Amino acid sequence: MTLSKNYLKNIYDPIQKPFTNYPKNLINFIIKKNNIKDNSRVLDVCCGRGEFLNEFILNGLEGHGVDIDDICLKYFPKIKYHQADLSKDPFPFEDNFFDVIFSKSVIEHFYYPESIIQESYRVLKPGGKIITLTPSWIHNKDSFYDDFTHKQPFNKTSIYDLHKIFQFKEIKADYFIQLP
């Protein structure tokens, strides 16, 4: 069993980290704030257990998840799951495939997050939206490395620049206080 599979199995065990209403609240907020249209095709990058992706699906969106581990299917078997090791594999999708690309607490786990953003740009339709949530180094520097798999911290400038160099347009970088 790989580190990635052990990570999800142990750190996100539902007994230690039970499912909550937080994914529903967050995804409803994101859909409304970003005016995401019904039937949009959404990719959840490193979808993990799948609870965020499932909420997109419950809101009438076509949800696809990509991850190294298929644990999401254990909890949400209707997810369109695609396997890939994103530290070395390209996204398993054709160019201009998605209307929305979502990732929450993902890019900080990669030594080279540029590959994730570059692949996101490739598979995102022109005019599509990328939503990249990552812990703020400014607000979390005391606890950021409590998760030993965190590799790269970000602040507003660095997350903005990461998207800018891959030609994303209308970039907004804000601090987001996690909903309770």
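User: Leaving aside neighbours within four places in sequence, which residues is Lys 156 in contact with?

Analyst: This is a predicted model. Contact here requires heavy atoms within 4.5 Å. With neighbours within four places in sequence left out, the contacts of Lys 156 are Ala 173, Asp 174 and Tyr 175.

User: Where does Lys 156 lie, and is Lys 156 buried, partly exposed or exposed?

Analyst: Lys 156 is in helix α7, which covers residues 156-164. Residues under 20% relative accessible area are buried and those over 50% are exposed, with partly exposed in between. Lys 156 has a relative accessible area of 33%, so it is partly exposed.

User: What distance separates the C-alpha atoms of Lys 156 and Val 106?

Analyst: Along the chain, Lys 156 and Val 106 are 50 residues apart.

User: Which residues are linked in a network of salt bridges?

Analyst: Arg 41 and Glu 62 form a salt bridge. Because Arg 41 is in strand β1 and Glu 62 in strand β2, this pair ties together parts 21 residues apart in sequence. Glu 62 also forms a salt bridge with Lys 80, where the closest N and O atoms are 3.6 Å apart. The network therefore links Arg 41, Glu 62 and Lys 80.

User: What is the relative accessibility of Lys 80, and which strand holds Lys 80?

Analyst: The salt bridge between Glu 62 and Lys 80 has its closest N and O atoms 3.6 Å apart. Glu 62 is in β2 and Lys 80 in β3 (residues 80-83), so the pair ties together parts 18 residues apart in sequence. Lys 80 counts as partly exposed, at a relative accessibility of 39%, and its strand is β3.

User: Why does helix α3 count as largely enclosed, and what covers its buried residues?

Analyst: Helix α3 (residues 51-58) has eight residues and six of them are buried, so the rest of the structure largely encloses it. The buried ones are Glu 51, Phe 52, Leu 53, Asn 54, Glu 55 and Phe 56. The cover includes α2, β1 (41-45), β2 (62-67) and β4 (98-104).

User: Which residue with a positive phi follows α3?

Analyst: The phi of this residue is near 85°. The residue is Gly 60.

User: Which residues form the positive surface patch?

Analyst: A patch residue needs over 30% relative accessible area and no salt bridge. Lys 33, in helix α2 (residues 22-33), is exposed at 55% relative accessibility. The patch is made up of Lys 33, Lys 37, Lys 129 and Lys 172.

Terms used: Residues are numbered from 1 along each chain as its sequence is written. This is a predicted model: local features need pLDDT of at least 70, side-chain atom pairs count only at pLDDT 80 or more; totals for chains, interfaces and linings use all residues. Side-chain values use heavy atoms; hydrogens and water are left out. Patches are made of residues with over 30% relative accessible area and no salt bridge: like charges are joined within 9 Å, nonpolar side chains (Val, Leu, Ile, Met, Phe, Trp, Tyr) within 5 Å. Accessible areas come from the Shrake-Rupley method with a 1.4 Å probe; for residues, only the protein chains shown count as cover. A salt bridge is a side-chain nitrogen of Lys or Arg within 4 Å of a carboxyl oxygen of Asp or Glu. Lys and Arg count as positive and Asp and Glu as negative; His and the chain ends are not counted. The place of a charge is taken as NZ of Lys, CZ of Arg, CG of Asp or CD of Glu. Helices (H or I, at least four residues) and strands (E, at least two) are DSSP runs, numbered from the N terminus. Buried means under 20% relative accessible area, exposed over 50%, partly exposed in between (1.4 Å probe, protein chains only).
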